[in-house]
Structures are given as structure tokens and as C-alpha cells.
Amino acid sequence: MLERDEKQLIRCTQEGDADAFNPLVEKYHPKLSAYIFGRIKNVETAKDLTQETWLKAFRALHTFRGDSAFASWIYRIAENVCIDFFRKQKGVKIEPLHTIDEHRITDTHPSPCEDLARQELRGYLRAGIQGLTQTRKQVFLLYYAQDLPIKQIATRLKKSEGTIKSHLRNARLQLQAFLTPYLKNQQTPLKPPMLSSDSSG
């Protein structure tokens, strides 16, 4: 649930009072800026991306319905801005969110707002993982949760390394398809579809 004052500020902004958005910026800007800097590691670029995040949030606020926390919503926009930035950088690779398991999402000392956003993301991620076929789920968790190399997973499951890579790739694709609407601030189905059987890789 949104705080009463926060709800009112959002509603006033949506009704055309641009000044009502300022208290929201003041409340979340320091932590949001720190979050983006933690992802980018460059002060000036982080400042630019933080401003871009707020601009996108202001323009998209009419789509916000309060189904999730405003903090979660704004951090999701910030994450998308960071991902877009990395994609535009030649030679820079970023690990997509759909490939990160719970222990990699959680920082040692996350802020309350970051923790809220990540709790929501973990919930969607868990739902996506549960929707994987049994073999894909097993391979995905062995690789990301237990940090096992492909060769060791292949040995443990008595399958070829090529087969393990195929299962891992398909698991990523399925999770990506499931999480993309969420990352784009759209509705996400409660249960991800089974894309294909294990026999297809």
C-alpha cells in the first residue's frame, strides 16, 4: 500500500499539478541516484541517467495505478535506463536480470527502497523459475544458484555439455519472455507458459 501523502501527490501529478511531483523526487532522489551510481560507477553518467529516470517516470506517471509500490516502480524504470545505457556501449556486457538468481539480486546492505523493488523482482523471478520444465530448472539453479560450471553440471546430470548449454539457453529465453513485460512496467502473468518440452532442449 502506498502512503496516504504519496498517493495524494501521485494523484495530483496525474491530474496536472506538476509541482506535486517534486516531493516524490526529493524523497527518492538520493537513494535512486546512489543505486544508479552503483550500477554505472561514473558520477557524471549516473547523474544524467538519474535525470533521465525521473523524466521517464514523470512522463509515464499517468500509467501508474498503485498496484505496486511507487519505490518499486521507479527502481524498475531506473534499471531499464541502466540496461539501455549498457546496451548502447560497445564492448560492454551486462548480465540480464532474467539470468540472476536471488542471492545475486540482493546486496549486502540494500536500502529499504531498493530492497522493496528487489523483493518484488525476486517474487516474479521465483514464479518464472517455477514455470520452467524440470530439467531447465535444475540446470538453471545449478549454474546460477550453486555456481557450478557447465562441465560439472553435465557430469552430475549425465548429459553432454552441449545439452546442458541448450537447456540453460532455453531457460534464459523462457525467463526473459516471462519477465520482459514486468521490466517494461506492463502486466505480468502469474504463471509463465511452458515454451516447450525438455526433449527439445
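User: Which side chain meets Glu-6 in a salt bridge?

Analyst: Side chains of opposite charge can pair when their charged atoms come close. Here Glu-6 meets Lys-27 in a salt bridge, at 2.9 Å from N to O; the term requires a side-chain nitrogen of Lys or Arg within 4 Å of a carboxyl oxygen of Asp or Glu. The pair links distant parts of the chain, with Glu-6 in helix H1 (residues 4-14) and Lys-27 in helix H2, 21 residues apart. Helices here are DSSP runs (H or I, at least four residues; strands are E, at least two), numbered from the N terminus. Please keep in mind that this is a predicted model, in which local features need pLDDT of at least 70 and side-chain atom pairs count only at pLDDT 80 or more, while totals for chains, interfaces and linings use all residues. Residues are numbered from 1 along each chain as its sequence is written, and side-chain values use heavy atoms, with hydrogens and water left out.

User: How many salt bridges does the whole structure hold?

Analyst: A search of the whole structure finds 3. Among them is the pair of Glu-79 and Arg-39, at 2.6 Å from N to O. Glu-79 lies in helix H4 (residues 70-88) and Arg-39 in helix H2, so this bridge ties together parts 40 residues apart in sequence. Glu-79 is buried, with a relative accessible area of 6%, and Arg-39 is partly exposed at 24%.

User: Where do Lys-47 and Glu-44 lie in helix H3 relative to each other?

Analyst: An α-helix has 3.6 residues a turn, so residues three or four places apart point the same way. Lys-47 and Glu-44 are 3 residues apart in helix H3 (residues 43-60), which puts about one helical turn between them. Their side chains meet in a salt bridge of 3.8 Å, N to O, and Lys-47 is partly exposed at 47% relative accessibility.

User: Where does helix H2 bend?

Analyst: To read a bend at a residue, take the angle between axes fitted to the seven residues ending there and the seven starting there. Helix H2 (residues 22-40) bends by about 50° at His-29, and a proline, Pro-30, follows within four residues. The buried residues of H2 are Leu-24, Val-25, Tyr-28, Leu-32, Tyr-35, Ile-36 and Ile-40. After the helix comes Lys-41, whose phi is positive, near 65°.

User: How many aromatic pairs are there in the structure?

Analyst: A pair of aromatic rings is described by the distance of the centres and the angle of the planes. Rings of Phe, Tyr and Trp (its six-membered ring) pair if their centres lie within 6.5 Å; planes under 30 degrees apart count as stacked, over 60 as edge-to-face and the rest as tilted. The structure holds 8 such pairs. One of them joins Phe-21 and Phe-58 edge-to-face, 5.3 Å centre to centre with 65° between the planes. Phe-21 sits in the loop between H1 and H2 and Phe-58 in helix H3, 37 residues apart. Phe-21 is buried at 5%, while Phe-58 is partly exposed at 36%. Tyr-28 and Phe-70 make a tilted pair, 5.5 Å centre to centre with 50° between the planes. Tyr-28 lies in helix H2 and Phe-70 in helix H4, so the pair ties together parts 42 residues apart in sequence.

User: How many helices and strands are in the protein?

Analyst: There are 9 helices and 0 strands. Buried residues make up 43% of the 201 residues.

Methods. Buried < 20%, exposed > 50% of the residue type's maximum accessible area, 1.4 Å probe, protein only.
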